[in-house]
Amino acid sequence: MISRKEFLIKSLGLMGAAIAVPSLLSSCAEAKKELAADACDDLSGLSETEIKKRESLKYVSQTPDAAKNCANCRFYKAPAQEGECGGCQLFAGIVHPNGYCQSWFAVEA
């Protein structure tokens, strides 16, 4: 038989874990999102000319207008697997699905 004191101690420990675990999982998910965004900003392997082309189109990895983003642009090349960075038909390198450039053009419905 378990004493009242042991029961209370174990109950408090379980309640603490129930509060801490979701918070930890949430912060891990946020860190994973940040890593994915950083990965889509990787320009290594691109020539200076290719980088200048991206810049001339004013590509940014986070769109200023949620209705206009790379994922819903006609020139977007979807990644092989969901959750990865995509590409663009107009310039070399990877792009973030939530990115944007001045050549954004809506996908035909």
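A polar contact is a pair of N or O atoms within 3.5 Å, and within protein one of the two must be able to donate a hydrogen and the other to accept it. The legends below describe close-up views of a predicted model.

**View 1. The side chain of Arg54 reaches the backbone of Ile94.** A polar atom of the Arg54 side chain lies 3.0 Å from the backbone oxygen of Ile94. Arg54 itself belongs to helix 2, which covers residues 48-56. Although Arg54 is buried, it has no salt bridge, and the nearest side chain of opposite charge, that of Asp41, is 6.0 Å away. A salt bridge would need a side-chain nitrogen of Lys or Arg within 4 Å of a carboxyl oxygen of Asp or Glu. When neighbours within four places in sequence are left aside, the residues in contact with Arg54 are Leu43, Leu46, Tyr59, Phe91, Ala92, Gly93, Ile94 and Val95.

**View 2. Ser61 meets Asp41 through a polar contact between side chains.** The side chains of Ser61 and Asp41 are joined by a polar contact of 3.3 Å. Ser61 sits in the loop that runs between helix 2 and strand 1, the latter being residues 76-77. Ser61 counts as partly exposed because its relative accessibility is 24%, and a residue must be under 20% to be called buried. Ser61 and His96 are 35 residues apart in sequence, yet their C-alpha atoms are 5.5 Å apart in space. Apart from neighbours within four places in sequence, Ser61 is in contact with Asp41, His96, Asn98 and Gly99.

View 3. Together, Ile2, Phe7 and Leu8 make a nonpolar surface patch of about 290 Å². Ile2 is found in the segment that comes before helix 1, which spans residues 4-39. With a relative accessible area of 43%, Ile2 is partly exposed, and this value can be set beside the requirement that residues of a patch have over 30% relative accessible area.

View 4. Read from the N terminus on, the elements follow the order α-α-β-β-β. The chain has 109 residues, of which 17% count as buried. Among the contacts in the chain with a separation of 6 or more, 69% are between residues 24 or more positions apart.

How values were computed:
Residues are numbered from 1 along each chain as its sequence is written. This is a predicted model: local features need pLDDT of at least 70, side-chain atom pairs count only at pLDDT 80 or more; totals for chains, interfaces and linings use all residues. Side-chain values use heavy atoms; hydrogens and water are left out. Patches are made of residues with over 30% relative accessible area and no salt bridge: like charges are joined within 9 Å, nonpolar side chains (Val, Leu, Ile, Met, Phe, Trp, Tyr) within 5 Å. Accessible areas come from the Shrake-Rupley method with a 1.4 Å probe; for residues, only the protein chains shown count as cover. Helices (H or I, at least four residues) and strands (E, at least two) are DSSP runs, numbered from the N terminus. Buried means under 20% relative accessible area, exposed over 50%, partly exposed in between (1.4 Å probe, protein chains only). Contact means heavy atoms within 4.5 Å. Lys and Arg count as positive and Asp and Glu as negative; His and the chain ends are not counted.
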